[in-house]
Amino acid sequence: MDILKVSNLYKSFDNKKVINGVSFTVQSGKIVGLLGKNGSGKTTVIKMINDLLTIDEGEVLINGEKISEKTKAIVSYLPERTYLDSSQTVSDCIKYFSDFYADFDKTKALELLKDLGLDGENSLSKMSKGMKEKIQLILVMSRRAKLYILDEPFGGVDPSTRDYIMKTILKNFGDDSAMLITTHLIADVEKILDEVLFIDNGKIILQGSAEQLREEKGLSIDGIFRREVK
Amino acid sequence: MSFGFKSDTPIYLQIIEHIKLQIITKVYKPYDRLPSVRELSLIYEVNPNTVQKALSVLEEEGLIFTERTNGKFVTGDGDVIKAVTSDTVEVMISEFLTSMKNLGYETSEVIKMIEEKE
């Protein structure tokens with residue numbers, strides 16, 4: 001079952017084509033990596049899927065339907081930049097997510113936060129960047145969504161935070177949901193991917209099963225990427 | 001545990017080898033219950049589908065079996081474990097002999113060197 005179907009997407013900014021006919025699907029139970037250098041078009045595609053940028057041409061179907069309030073309710077999105085307000089406490093964030101999302105599992109979020117040694121009183125303003133990234137990931141992964149979209153979840157975090165993020169994703173990802181992760185740090189994330197999409201200059205230049213590609217090319221996904229994308 | 005995967009080989013094959021070694025060395029004993037797919041995916045930090053694929057190959061080879069609702073268990077069949085052990089030993093020996101050959105040593109010389117070492 002295709003949870004996400006992207007067909008022939010095009011997008012230009014000021015007459016400059018940045019997305020040039022991108023098509024792919026993400027199926028239930030799969031973790032798919034959208035891999036590309038900075039400026040390759042990853043975040044633009046993600047923003048179009050999340051209805052944060054208008055689509056010039058092409059179509060996005062989520063669970064078989066065009067983007068609407070209904071489809072947005074089943075997508076849990078971790079943007080590249082944090083949108084949590086630093087003046088808030090952990091409890092404020094929890095309340096915000098509970099109010100906004102019917103599928104938010106508060107008990108699960110509180111448990112995960114407790115594992116990090118956090119309680120409701122902690123204020124975000126006193127936290128490191130890594131800690132805020134962890135909290136945001138916990139909030140996003142505590143929704144019982146159909147589709148998780150994580151935009152650069154490993155950008156600029158230290159190795160222990162990276163491990164934490166990796167484990168939290170693996171622990172909380174359900175078989176009946178699907179996930180799309182973008183990153184340029186391919187070596188860090190390739191072990192958890194079912195399928196990979198290489199994006200370059202707004203086009204998908206290679207796609208396939210991660211294990212099959214390793215077998216065929218005798219290289220890691222990172223190695224293949226370095227060879228294919230100059 | 002941080003697990004050093006070789007980057008150029010499919011991960012499921014490496015998981016198969018690793019679990020085989022653990023069965024051979026009795027880390028997992030006959031009739032032991034294996035960790036669940038999710039637990040293994042966290043141990044190896046890999047996609048659950050990759051673990052699933054490795055386990056289904058091990059099951060086809062008769063090294064593990066599924067007990068409905070209960071999980072996956074190591075076979076109690078000593079012959080199967082013996083066969084896997086000797087396969088593994090054979091692979092290790094031929095890999096070793098190949099690297100020795102690449103260094104310019106014939107098998108007979110290698111044998112002599114091993115005997116002298118002991």
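Trainee: Which residue forms a salt bridge with A:K37, and how far apart are the closest N and O atoms?

Mentor: Side chains of opposite charge can pair when their charged atoms come close. We call it a salt bridge when a side-chain nitrogen of Lys or Arg is within 4 Å of a carboxyl oxygen of Asp or Glu. Here the partner of A:K37 is A:D200, with the closest N and O atoms 4.0 Å apart. A:K37 sits in the loop between β3 (31-35) and α1 (42-49) of chain A, and A:D200 in strand β9 (residues 195-200) of chain A, so this pair ties together parts that are 163 residues apart in sequence. Helices (H or I, at least four residues) and strands (E, at least two) are DSSP runs, numbered from the N terminus.

Trainee: What should I know about the model and its numbering?

Mentor: This is a predicted model, where local features need pLDDT of at least 70, side-chain atom pairs count only at pLDDT 80 or more, and totals for chains, interfaces and linings use all residues. Residues are numbered from 1 along each chain as its sequence is written, chains are lettered from A and ligands numbered from 1 in the order in which they are written, and side-chain values use heavy atoms, with hydrogens and water left out.

Trainee: How many salt bridges are there between chain A and chain B?

Mentor: Two. In one of them, A:R162 pairs with B:E45, the closest N and O atoms being 3.9 Å apart. Over all chains, the search finds 19 salt bridges.

Trainee: How many residues of each chain are in contact?

Mentor: Contact means heavy atoms within 4.5 Å. By that rule, 23 residues of chain A touch 18 residues of chain B. On the side of chain A that touches chain B, α6(A) gives the most, with seven residues.

Trainee: How do I read two packed helices?

Mentor: They are described by the angle between their axes and the distance between the axes. Axes are lines fitted to C-alpha atoms, for helices over the stretch in contact, and angles run from 0 to 180 degrees between N-to-C directions. In chain B, helix α1 (residues 11-24) and helix α4 (residues 78-102) pack at about 120 degrees, their axes 10 Å apart. Residues B:K20, B:L21, B:I23 and B:I24 of α1(B) meet B:I81, B:V84, B:T85, B:T88 and B:M92 of α4(B).
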